[in-house]
Amino acid sequence: AAARADPDAQPMTDGELAQSFRPADLTAMRKRLGLSQSAFARRFQINLRTLQDWEQGRRAPEEIARAYLRVIAYDPNAVAAALEDGSA
C-alpha cells in the first residue's frame, strides 16, 4: 500500500514495459544465434565491454542501441551482411 501511494514508485504502463530493456532477452538472443559474447560483439560491431555491461545489467543500452538490437533480433544475417559490405 505504501508503494502504491508513493508518486515516485508507480507501476510501469504496458507501453513502458514493452520498451524496457531486459538483459536476459539479449543473452537469450545471442545464445539463440549460437554466438559467444566476443563473437556477437565482433559480428555486430558492438564494444565487448558494453555488451557485457548490458548482459550483466550494469548498464542499459540507450534508445538507438535498443533499436539496433531489435533489428539484429529480426534479421541478424541482413545486419551482418550490411556491416560486412561497408559501402554505407
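The model is predicted, so local features need pLDDT of at least 70 and side-chain atom pairs count only at pLDDT 80 or more, while totals for chains, interfaces and linings use all residues. Residues are numbered from 1 along each chain as its sequence is written, and side-chain values use heavy atoms, with hydrogens and water left out.

**The nonpolar core**
- The largest nonpolar core has 15 residues, and F40, F44, I46, L69 and I72 have the most contacts inside it; such a core is a set of buried Ala, Val, Leu, Ile, Met, Phe, Trp, Tyr and Cys residues joined through side-chain atoms within 4.5 Å.
- At least two residues of this core come from each of helix 3 (23–32), helix 4 (37–43), helix 5 (48–56), helix 6 (63–74) and helix 7 (76–85), helices being DSSP runs (H or I, at least four residues) numbered from the N terminus.

**Helix 6**
- A65, L69 and I72 are the buried residues of helix 6, where buried means under 20% relative accessible area and exposed over 50% (1.4 Å probe, protein chains only).
- These residues pack against helix 3, helix 4, helix 5 and helix 7, whereas E63, I64 and Y74 are exposed on the other side of helix 6.

**D53**
- D53 lies in helix 5 and is buried, with a relative accessible area of 11%.
- Apart from neighbours within four places in sequence, D53 is in contact (heavy atoms within 4.5 Å) with R58 and R59.
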